[in-house]
Amino acid sequence: MQYLAIEHATKTYGEKVLFKDVSFTISQGDRIALIAKNGSGKTTLMRVLSGEEGIEGEGAKLIIDKNIRTSFLHQEPDLNPEAKIIDEVFEADLPAIKAVKAYEEAVLSNNPNALQEATLLMDDHKAWDVEARVNTVLAKLKIANLDQKIKTLSGGQRKRVALAKLIIEEPEFIILDEPTNHLDIDMIEWLEEYLQGGNVTLFMVTHDRYFLERVCNEIMELDMGKMHMYRGNYSQYLEKKEARLANEAVVYDKTKKLFKRELEWVRRMPQARTTKSKSRVDSFHDIKESLRDKRNTDEMQILIEPTRLGSKIVELHSVSKAYGDKKLITKFDYKFKKGERVGIVGVNGAGKSTLIKMITGLEPTDTGKIIIGETINFGYFGQDGLVVNETKMVIDIIRDIAEYIPLAKGLKLTAESLLEKFLFPRSQQRVQVSQLSGGERRRLYLLTILIKNPNFLILDEPTNDLDIITLNVLEDYLEDYPGCLIIVSHDRYFLDKLVDHIFVLEGDGAIKDYNGTYTEYRMEKNEEAEINREAKSQSNTVAAPTNSSENKLSFEQQKQIKALEKQIERLEQRKAEVTAKFEDMNLAPDMIAKFSTELATINAEIEEKEMKWMELVEG
């Protein structure tokens, strides 16, 4: 069953063609993601689908099945600022949803008569299952105070309210624009499960590659104004795109040779043109046009090298921070080492941004102190984004910082050339900042940070609004970045690829330093949860222990033993990986020192956990 069809759609802004003669359909059960570079028309296409913008082109059509419920989630949700959360969340014109809204309002009012009437209404519409589902959605998205007005909410809270509203309506067809922005990782993983299950038809724009891998069954790429379709998830898309580009390269090479031959013929052609020669001239111009559409193989390049780090980096001594009764950080001690790469994770509001703002001096500590080394040059990429005069030209933003940027070996780069490396062509350097897309602004902001040659980079949600192409280049740069790196991100792929360990803000001021990637941390947490479930299940079925003299292990001890065995197994795997690094004869001395330190730490952890295991087993 076809839910949406768009035919011969074209969209231009002045001389810039965003897309041309684009046609595609979405059918029941499709879960499609749209991928494109920033500024190439993703958001515009989403606005076309939602009816906010029209389309151009001969025979252009947009057809959406009116017999199904279709819901849109925009990057910036359109909610009534004067409305309460309860009014927005339960806006759907469905009897069961209305019954649940009446029931929730009665509970909030604490009116016995209203509660009795609402209870009868719930019975009439058999809405108790709906109410349970609604409460699950609200709990997962951490929406508690239904009486709160929309205008008092942060951008992230409004995004969660809009998402809850959409899910509660249970539409057959969902269109999402960057759904994971402003969600913490637990929420993203829950949303993944929701979209994977049930009869969901989906069209979305997202830069979250794990999300693409686990949710999508088709990927569309808007590239150079044309749409390319790939069946499968993100990894399958990468394989098929590589094959397409290889084929394009072969075709281009053949066309180029043909063009050269035709050019020679046209130049020596007599003035009196026969019908045959005119046909050949027309063919020549077609070939010339196809070469003009040649793929731009220039990629964003980051060439800036950070300044030298001294021996003292950053030290946190018994640092604490609270807001009222809410403890964010309690007596946290840590000393950063050269080249350290740390991820910071935790639920929204746990204090991730507060911690890095204290490190950079933007936020004071309540107690304790933070010592910054003399050579430290912070580069802080914040969530607030680029704050500049909107009427300024792109080139002037960079020139205000530096006319020339120093590179390695005494080389230097002009501001114009550097912007070109960041995929801002000369023509775009003269446009005002206000004319940039959200992703282009983020890219420009990133450049303003990097050209200051920081040796300690702190990135707070850097992946928001960046396209996958830009993210790949940024990751390549950060993988080789020799300075210290702190990343706060909900992008699990980005964290897994770049950090060596993570600070987990567990709540109530506690911070856990986990030696591994985020995915490894989640696997361990899931295993612990499974062990707890098994132990609880066994404790409910096994009879209470007798006073016999037999030395039997308690369920709590069994649970601890299983957890230790899994932890030891993971440590042994990491030990093997680190040991294998020493087989590289070209391994640099600083990397040898780094891996030696890590190996010593792993061995100590294995020994400690094996001792605990022996103590538990022997009772």
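Reply: Helices (H or I, at least four residues) and strands (E, at least two) are DSSP runs, numbered from the N terminus. The protein chain has 20 helices and 20 strands. This is a predicted model, where local features need pLDDT of at least 70 and side-chain atom pairs count only at pLDDT 80 or more, while totals for chains, interfaces and linings use all residues. Residues are numbered from 1 along each chain as its sequence is written, and side-chain values use heavy atoms, with hydrogens and water left out.

Me: How much of the protein chain counts as buried?

Reply: Of its 619 residues, 45% do. Buried means under 20% relative accessible area, exposed means over 50%, and partly exposed is in between (1.4 Å probe, protein chains only).

Me: And what share of the contacts join residues at least 24 apart?

Reply: Contact means heavy atoms within 4.5 Å. Among contacts between residues at least 6 apart in sequence, 67% join residues at least 24 apart.

Me: Which residues touch the most other members of the largest nonpolar core?

Reply: Leu195 and Met204 do, out of 54 residues in that core. Helix α6 (residues 155-169) gives the most to this core, with 7 residues. A nonpolar core, by the way, is a set of buried Ala, Val, Leu, Ile, Met, Phe, Trp, Tyr and Cys residues joined through side-chain atoms within 4.5 Å.

Me: What does Met204 touch?

Reply: Not counting residues up to four places away in sequence, its partners include Ile32, Leu34, Met46, Phe211 and Val215. Apart from this core lies another, of 45 residues, among them Ile185, Leu418, Leu466 and Tyr477.

Me: What lines the largest cavity?

Reply: Its volume is about 60 Å³, and its lining includes Leu34, Lys42, Glu178, His207 and Asp467. Strand β3 (residues 31-36) gives the most to that lining, with 3 residues.

Me: What about the second largest pocket, which residues lie nearest its centre?

Reply: Asp500, Asn515, Arg574, Lys594 and Glu598 do, among 48 lining residues. This pocket has a volume of about 1800 Å³. The largest share of its lining, 11 residues, comes from α20. By class, the lining has 14 nonpolar, 9 polar and 25 charged residues. Ala, Val, Leu, Ile, Met, Phe, Trp, Tyr, Cys and Pro count as nonpolar, Asp, Glu, Lys and Arg as charged, and the others, Gly among them, as polar.

Me: Switching topic: how many bridges join β10 to β11?

Reply: 6 bridges join β10 (residues 314-323) to β11 (residues 326-335), and the two strands run antiparallel. Two strands pair if DSSP finds at least two bridges between them. Val319 stands opposite Phe332 in β11. The strands form a hairpin with 2 residues between them, and Gly324 in the turn has a positive phi of about 65°.

Me: Which residues other than glycine have a positive phi?

Reply: Lys142 is one of them, with phi near 55°. Lys142 sits in the loop between α5 (128-140) and α6, and is partly exposed at 37% relative accessible area. Another is Glu461, with phi near 50°. Glu461 is in the loop between β17 (456-460) and α16, and counts as buried at 9% relative accessibility.

Me: Last one: why is helix α11 described as largely enclosed?

Reply: Because 6 of the 8 residues of α11 (residues 352-359) are buried, the helix is largely enclosed by the rest of the structure. Those buried residues include Lys352, Leu355 and Met358. Just after α11, Gly361 takes a positive phi of about 85°.

Notes:
On a 1 Å grid over the protein atoms alone, a cavity is a set of points where a 1.4 Å probe fits but cannot get out, and a pocket is an open set with protein on both sides within 12 Å along at least five of seven lines; lining residues have an atom within 4 Å of a point. Grid points are joined across faces, edges and corners, and a volume is the space filled by probe spheres set on the points.
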